[in-house]
Amino acid sequence: MAPVAIGQRLVACMLNISEARSRDVVEKVARAAVFDGRGGQREGTTVLNIFNDHDYNRSVITITASIDRIREAVLSACEQACQLIDMRNHVGAHPCMGAVDLVPMYPLGEDVGLEDCGKEARALAAALTERIPGTSAFHFGFADLPQNRGLAQRRKEMGWFLKDPKMEAIKPDVGEKLDRRYGLTGVGASPYVMNCNVTIDTQDLGTGRRVAQALRESSPGGLPGVQVLALPHEGAMEIACNVESVLGAPPEEDWPTFSIRGQPYCHAPAVLISTRVAQLAEEHGVGTKGTALVGFTPQECRGLAEWALAQGIAEFWREQHKVRM
């Protein structure tokens, strides 16, 4: 397949699905994003990365394309996921509500605005519920009009953080009454969100929660843009961080920066998060075991997307598996 023009109107979708224990299922979902039903490669679309976590039974698939091409790629992946994943049988340590649990759209660079991604996310949610009867969705971020409520707030409203959410009481923004087979999908748009998970060497949930609370943006001394959960993971506690991009100049020089339509954004660097978690854990007499980045920074994502698309590489994750989780 001939390489395509690069750098124009690029967006990323970090598709979160509730499956990680079947490699075959996850790869079928990823391949559905970049190959059509006849096996032909979709022009201008690539899967940069697949992150799997067995304990969480959750995978994150990084799909990038121009905003004009992203919808069909993501919808096809969602269709495959809904065919292969049954939430009635799902078991995993990570909170989730849907076979396709999260569909966030992020602009990559100056050519696409947040409102553009929000409009596309709303169209995608509508198409998903039409294409797969029984699916339903809620909006967040720039897809949630006019409130623009963030993902954490919307998840709380929907009961996502509860161990046993009352599905029958949920009123989705799109779709009919929830079908437990498919569950509920969050679809939205925001500035880029990076994931940084730090494992601390304890099985004590209370310690994990105290570390998470102190790190969280909403706490005094917390890090701007950082949303945190403490989750049991591989015999220890993982401090799982959603690192949201923050509007404005960076509070410190070492914070990575980028812009969207001329507006400056920055995000907490992974090394700072790792260091802060280590300091907080040490206060409780606990060490750390390691840090994992899920996917890429915004700058890495754009650069790799441009390179992969220039080379016509659809399954770029196969190039990455030796060096990236």
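Asn195 is placed in strand 7, which covers residues 193-200. In this predicted model, the relative accessibility of Asn195 is 19%, and because buried means under 20%, the residue falls in the buried class. The side chain of Asn195 forms a polar contact of 2.6 Å with the side chain of Asn242. Beyond its neighbours within four places in sequence, Asn195 is in contact with Asn242 and also with Cys241, Ala292, Leu293 and Val294.

Arg181 belongs to the loop that runs between helix 4 (151-158) and strand 6 (184-189). With a relative accessible area of 21%, Arg181 counts as partly exposed. When residues up to four places away in sequence are set aside, Arg181 touches Cys82, Gln83, Ile85, Asp86, Met87 and Arg88. With one of these, Cys82, there is a polar approach in which the backbone oxygen of Cys82 lies 3.2 Å from a polar atom of the Arg181 side chain. Arg181 can also be related to Gly98, from which it is separated by 83 residues in sequence but by 8.3 Å in space, taken from C-alpha to C-alpha.

### Two helix pairs

Two packed helices are described by the angle between their axes together with the distance between those axes. The table gives both quantities for each pair.

| Helix pair | Axes come within | Crossing angle |
|---|---|---|
| Helix 1 (residues 23-34) and helix 2 (residues 70-84) | 7 Å | roughly 155 degrees |
| Helix 5 (residues 205-215) and helix 6 (residues 270-283) | 10 Å | roughly 130 degrees |

The axes of helix 1 and helix 2 cross at roughly 155 degrees, and that makes helix 1 roughly antiparallel to helix 2. The crossing of helix 1 and helix 2 is right-handed. On the side of helix 1 the contact is made by Val25, Lys28, Val29, Ala32 and Ala33, and these meet Ala73, Ser76, Ala77, Gln80, Ala81 and Leu84 in helix 2. Sorted by class, the residues of the contact of helix 1 with helix 2 are eight nonpolar, two polar and one charged.

For helix 5 and helix 6, the axes cross at roughly 130 degrees, and the two helices are therefore oblique to each other. Helix 5 and helix 6 form a right-handed crossing. The contact of helix 5 with helix 6 comprises seven nonpolar residues, no polar ones and one charged residue.

### Backbone geometry in loops

Most residues other than glycine have a negative phi, and most peptide bonds are trans. Which peptide bond is cis, and what is its omega? The bond that joins Leu145 and Pro146 is cis, with omega at about 0 degrees, and Pro146 is found in the loop between strand 5 (136-141) and helix 4.

The loop between strand 5 and helix 4 is also the place of Asn148, a residue other than glycine whose phi is positive, near 55 degrees. Asn148 is partly exposed, its relative accessible area being 33%. Asn57, likewise not a glycine, has a positive phi of about 55 degrees, and the place of Asn57 is in the loop between strand 2 (45-53) and strand 3 (58-66). Asn57 is buried, with a relative accessible area of 6%.

Technical notes. Residues numbered from 1 in each chain as written. Predicted model: local features only at pLDDT ≥ 70, side-chain atom pairs only at ≥ 80, totals over all residues. Heavy atoms only, no water. Helix = DSSP H or I, 4+ residues; strand = E, 2+ residues; numbered from the N terminus. Buried < 20%, exposed > 50% of the residue type's maximum accessible area, 1.4 Å probe, protein only. Polar contact = N/O pair within 3.5 Å; in protein donor to acceptor, adjacent residues only side chain to side chain. Contact = heavy atoms within 4.5 Å. Axes fitted to C-alpha atoms, helices over the stretch in contact; angles between N-to-C directions. Parallel < 35°, antiparallel > 145°, perpendicular 65-115°, else oblique. Left-handed = near helix turned anticlockwise from the far one by under 90°. Nonpolar A, V, L, I, M, F, W, Y, C, P; charged D, E, K, R; others polar.
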